[in-house]
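Thank you all for coming; I would like to take a few minutes to walk through one model with you. Please have the sequence and the picture open while I talk.

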Amino acid sequence: MGKPRVLLLGEIEHAHKTWDALSSLAELVTPSSRSRPEFLEECRSGKFDGVLVAYRTFASVSITGMIDEELVQALPESLKFICNCGAGYDQVDVHACTARGIRVSNVPTAVDDATADVNMFLILGALRGFNTSMIALREGKWRGHPPPPLGHDPEGKVLGILGMGGIGRNLKKKAEAFGMRVIYHNRSKLSEELAGGADYVSFDDLLGTSDVISLNLPLNVKYFLVLSQKEANSKQKHTRHIISTREFEKMKKGVVVVNTARGAVIDEDALVKALDSGLVWSCGLDVYEEEPKVHPGLIANPHVMLVPHMGTWTVETQTAMEQWNIGNVRAVLEKGELNNVVPEQADM
Ligand SMILES: NC(=O)C1=CN([C@@H]2O[C@H](COP(=O)(O)OP(=O)(O)OC[C@H]3O[C@@H](n4cnc5c(N)ncnc54)[C@H](O)[C@@H]3O)[C@@H](O)[C@H]2O)C=CC1
Ligand SMILES: O=CC(=O)O
């Protein structure tokens with residue numbers, strides 16, 4: 001028997017040595033396709049037969065498209081593991097993978113600091129209303145004519161975190177350093193140790209009592225419905241558009257909304273309406289429903305702080321993410337299992 005094969009979907013940008021070291025254990029294979037039809041054809045041609053594990057990046061979606069049912073069926077029979085180089089794995093249909101016996105890993109924790117930093121930057125920028133004057137300054141108009149309304153201090157404001165996992169808990173510490181009081185809502189209450197003094201509230205209470213709402217939960221569409229009876233029984237069956245018109249109407253007038261999770265957890269049309277009506281005072285976004293497209297209503301609104309998905313855009317964090325993901329590939333080659341799997345597969 002020859003060496004096992006590893007398929008690289010996307011690029012290794014930083015951890016070259018760690019990646020290259022895998023070649024003593026496996027044959028490293030890359031696709032030549034530049035589009036999804038070509039990639040499906042390459043899969044079906046048998047070129048990837050014998051591949052045991054695939055390493056994929058967020059950007060590789062531009063070639064393969066989503067790792068959906070069609071693509072999962074086209075992958076070689078030998079493929080048993082997909083290592084997703086990112087915390088969010090909404091590009092991967094975990095249910096289709098599970099049905100085909102494929103285990104999926106992601107990259108938690110390594111992303112926490114850098115993403116929470118961007119999150120805090122957006123909270124401060126949106127609270128202070130910096131965007132209007134930053135635009136005016138570049139147009140030679142100093143703060144703008146008329147000058148913008150005064151902003152707000154973070155000190156004493158209630159920050160409601162929806163989805164207080166790794167990034168949310170990191171954000172909590174940062175926000176507390178700015179004097180904010182943190183409340184959170186998760187599907188279930190955290191241990192005292194993990195909550196670190198943040199009050200657990202219902203979804204509706206979080207909407208109704210927060211001065212700033214931060215979205216830090218994963219995007220999932222249908223997969224939980226099929227995988228988990230507990231989820232299927234719960235009111236929130238998935239997180240797509242978990243914040244829409246009904247939810248904006250429950251928020252305090254003048255609330256600030258910040259999203260570094262995934263664009264589609266917010267209904268962007270509803271957000272634009274809530275901003276235009278003044279219900280939402282300002283917002284800060286790192287992620288968008290149809291990246292790289294940005295809703296024209298968000299671009300047009302000077303109260304919106306926009307960052308083009310740069311949560312983990314640092315040398316240190318990108319390197320750490322690649323190291324983590326390569327660590328998962330190595331674990332498969334050496335022990336036949338991943339170091340971590342996504343939550344949906346944790347009990348399997
Ligand atoms: N902007 C960026 O560059 C980055 C964005 N992300 C996004 O942030 C998300 C969160 O990342 P992590 O904190 O690492 O994930 P995590 O898994 O540590 O935390 C997510 C939290 O959300 C909770 N949650 C899940 N469904 C929920 C629901 N329906 N209602 C309330 N809470 C719910 C989970 O229980 C968990 O506590 C990722 O899924 C990813 O989409 C992650 C890294 C960088
Ligand atoms: O968006 C980035 C991620 O790691 O998820």
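This is a predicted model: local features need pLDDT of at least 70, side-chain atom pairs count only at pLDDT 80 or more; totals for chains, interfaces and linings use all residues.

**A walk through the model**

Asp205 sits in helix H10, residues 203–209, and although 20 residues of sequence lie between its position and that of His185, the two C-alpha atoms are 8.8 Å apart in space.

Let me turn to the overall layout. The domain assignment divides the chain into domain 1, made of 5–109 + 315–345, and domain 2, which covers 112–306, and the centres of domain 1 and domain 2, taken over C-alpha atoms, are separated by 31 Å.

As general background, nonpolar side chains tend to be buried together in soluble globular proteins.

Now to the ligand. Around ligand 1 there are 26 residues, and those that come nearest are Gly166, Ile167, Asn186, Thr260 and Asp286; by type, the shell divides into nine nonpolar, 14 polar and three charged residues. Looking at individual atoms, a polar backbone atom of Thr260 is 2.9 Å from a nitrogen atom of ligand 1, a backbone N or O atom of Ala261 lies 3.5 Å from an oxygen atom of the ligand, and a polar side-chain atom of His309 is 3.3 Å from an oxygen atom of ligand 1. Taken alone, ligand 1 exposes 860 Å², and the protein buries 87% of that.

Finally, some backbone details. In general, most residues other than glycine have a negative phi, and most peptide bonds are trans. Here, a cis peptide bond joins His145 and Pro146, with omega about -5°, and Pro146 lies in the loop between helix H7 (130–138) and strand S6 (158–162). Another cis peptide bond joins Glu291 and Pro292, with omega about 5°.

Trp142, found in the loop between H7 and S6, has a positive phi near 50° and is exposed, because its relative accessible area is 60%. Thr109 also has a positive phi, near 60°, and counts as partly exposed at 48% relative accessibility.

Methods
Residues are numbered from 1 along each chain as its sequence is written. Chains are lettered from A and ligands numbered from 1 in the order in which they are written. Side-chain values use heavy atoms; hydrogens and water are left out. A residue is near a molecule or strand if one of its heavy atoms lies within 4 Å of it. A polar contact is a pair of N or O atoms within 3.5 Å; within protein, one must be able to donate a hydrogen and the other to accept it, and residues adjacent in sequence count only if both atoms are side-chain atoms. Accessible areas come from the Shrake-Rupley method with a 1.4 Å probe; for residues, only the protein chains shown count as cover. Ala, Val, Leu, Ile, Met, Phe, Trp, Tyr, Cys and Pro count as nonpolar, Asp, Glu, Lys and Arg as charged, and the others, Gly among them, as polar. Domain bounds come from an automatic or database domain assignment. Helices (H or I, at least four residues) and strands (E, at least two) are DSSP runs, numbered from the N terminus. Buried means under 20% relative accessible area, exposed over 50%, partly exposed in between (1.4 Å probe, protein chains only).
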